[in-house]
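Student: I am new to this structure and would like to learn how to read it one feature at a time. Could we start with the strands and then turn to the side chains?

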Amino acid sequence: MWRTGALAFCGLLAASAAWAAPRVPTHVACVGDSITAGYAASSTSASYPSVLQGLFGSAVQVRNFGHSGATLLSTGDMPYQQTSEYTSATTFVSGAGASAVLDVVIMLGTNDTKSGNWTSGGGTRATQFKTDCAALVDHFAQLQTHPLVFLALPPEIYTNSFGIDAATMDNQIIPIIKQVAADKGVPIIDLNTPTKGHSELFSDGVHPTDQGYKLVAQIIHDGLLAAMGGAGGAGGGAAGAGGGHAGAGGAGGHAGGAGRAGASGADGQAGAGGQPGSGGRAGTGGSTGQTGGAPGTGTGGAPSGTGGAVATGGMTGSGQGGSTTATGGSASGGTAGHGTEPAADDASGCSCSVGHSRPTPAILLLAFVLVGGRRQRRR
């Protein structure tokens with residue numbers, strides 16, 4: 001039984017490790033405006049796509065499809081959909097090959113905050129922006145290579161001479177991008193929150209310095225790897241999910257109650273063992289196990305096996321309480337019943353690994369005297 005539980009536990013660990021392995025792309029298309037193009041960087045090698053290439057290494061092809069001044073709005077002064085980079089990005093993604101693992105990072109919206117692009121009469125182009133954002137996501141997602149599309153929240157905006165407005169970005173553009181991401185079921189990479197309060201990372205209030213581009217590249221790198229469980233959150237909890245199902249319920253003392261089930265494992269860690277049963281009620285089995293063992297003569301035992309979805313019933317306790325052994329799952333069990341000394345398997349054929357205590361000679365002698373006294377009275 002112990003070996004079976006150990007094998008099941010190892011299997012769950014292996015499965016958890018497989019689920020938690022990051023999804024590493026083979027091709028990354030960086031779609032955007034001047035921040036993607038690398039405007040104000042000291043050299044082309046300092047742009048965020050170039051830095052991202054260095055972070056991934058030569059096994060991944062990272063391409064820069066940024067166009068300075070581009071808007072996401074099809075009605076803007078420089079619609080991205082009308083640029084040569086849009087066409088080149090489409091060709092790159094389409095021709096990557098059937099076995100390619102493709103990511104497309106879309107970071108647009110900064111130039112859309114200009115009053116000439118965002119306002120229309122007495123209102124805004126919020127509805128049009130949402131429509132165009134959704135259409136751009138669909139354009140890439142529906143290509144035959146089926147890339148994973150990411151919507152990036154653009155960096156924070158500081159005082160600048162370009163007419164780019166921080167309030168429009170924070171209060172209107174970003175909420176729409178989040179809504180489109182939710183509607184389309186695509187992941188978000190947040191570059192806005194980490195860059196708030198860091199005006200020193202921007203040379204002109206809008207475009208990052210070399211250090212700022214390094215930060216942008218690192219955040220995008222981590223976001224791409226974390227999207228499909230690489231950060232340990234998505235798959236991490238799988239192994240520990242069975243932890244809380246550990247069967248509890250040792251054979252009680254005078255009538256020891258069932259121990260409580262182990263707590264669920266967090267992020268793949270083993271669930272905690274159950275708590276000792278309380279006296280006064282007959283012990284019951286685990287969540288899907290058998291009924292608890294026969295009453296013993298001491299205080300209730302606590303679970304001792306490696307927790308699993310199925311628990312065996314409590315063993316018959318003697319001395320200071322019995323114990324249960326649970327199989328399967330990945331939760332670690334509780335402590336064994338507090339027997340005074342280990343004992344060999346009893347006559348009932350018990351083969352569990354927990355030592356049981358035997359009645360002491362004094363108890364046997366007292367029982368013999370009491371029984372003998374009752375027989376004499378009856379005569």
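Student: In which sense do β1 and β2 pair, and over how many bridges?

Tutor: Please keep in mind that this is a predicted model. Strands β1 and β2 pair in the parallel sense, and six bridges join them.

Student: Which way do the side chains of β1 point, and are they buried or exposed?

Tutor: The general idea is that in a regular strand the side chains alternate between the two faces of the sheet. In β1, His27, Ala29 and Val31 point one way, while Val28, Cys30 and Gly32 point the other way, and all are buried. With six of its six residues buried, strand β1 (residues 27-32) is largely enclosed by the rest of the structure.

Student: How many aromatic pairs does a search of the whole structure find?

Tutor: The search finds five aromatic pairs. In one of them, the rings of Phe65 and Phe92 have centres 5.6 Å apart and planes at 50 degrees, so this pair is classed as tilted. The pair links distant parts of the chain, with Phe65 in strand β2 (residues 61-66) and Phe92 in helix α4 (residues 84-94), 27 residues apart. Both Phe65 and Phe92 are buried.

Student: Why is the pair of Tyr80 and Tyr86 called edge-to-face?

Tutor: The angle between the planes decides the name, and planes over 60 degrees apart count as edge-to-face. The planes of Tyr80 and Tyr86 stand at 85 degrees, with ring centres 6.1 Å apart, so the pair is edge-to-face. Tyr80 is buried, its relative accessible area being 0%, and Tyr86 counts as buried too, at 16% relative accessibility. Tyr80 and Tyr86 also belong to one aromatic cluster together with Phe140.

Student: How many salt bridges does the count come to?

Tutor: The general idea is that side chains of opposite charge can pair when their charged atoms come close. For this structure the count comes to five salt bridges. One of them joins the side chains of Lys130 and Asp183, at 3.9 Å from N to O. Lys130 lies in helix α6 (residues 126-141) and Asp183 in helix α7 (residues 166-184), so the pair ties together parts that are 53 residues apart in sequence. Lys130 counts as partly exposed, at 36% relative accessibility.

Student: Which elements hold Lys184 and Asp138?

Tutor: The side chains of Lys184 and Asp138 meet in a salt bridge at 2.9 Å, N to O. This pair links distant parts of the chain, for Lys184 is in helix α7 and Asp138 in helix α6, 46 residues apart. Lys184 is partly exposed, with a relative accessible area of 36%, and Asp138 is partly exposed as well, with 22%.

Student: Which residues are linked with Lys196 in a network of salt bridges?

Tutor: The network links Lys196 with Glu156 and Asp170. Between Lys196 and Glu156, the closest N and O atoms are 3.1 Å apart. Lys196 sits in the loop between α8 (192-195) and α9 (210-226), and Glu156 in the loop between β6 (148-153) and α7, 40 residues apart. Lys196 is partly exposed, with a relative accessible area of 35%, whereas Glu156, at 11% relative accessibility, counts as buried.

Definitions and conventions
Residues are numbered from 1 along each chain as its sequence is written. This is a predicted model: local features need pLDDT of at least 70, side-chain atom pairs count only at pLDDT 80 or more; totals for chains, interfaces and linings use all residues. Side-chain values use heavy atoms; hydrogens and water are left out. Rings of Phe, Tyr and Trp (its six-membered ring) pair if their centres lie within 6.5 Å; planes under 30 degrees apart count as stacked, over 60 as edge-to-face and the rest as tilted. Helices (H or I, at least four residues) and strands (E, at least two) are DSSP runs, numbered from the N terminus. Buried means under 20% relative accessible area, exposed over 50%, partly exposed in between (1.4 Å probe, protein chains only). Two strands pair if DSSP finds at least two bridges between them. A salt bridge is a side-chain nitrogen of Lys or Arg within 4 Å of a carboxyl oxygen of Asp or Glu.
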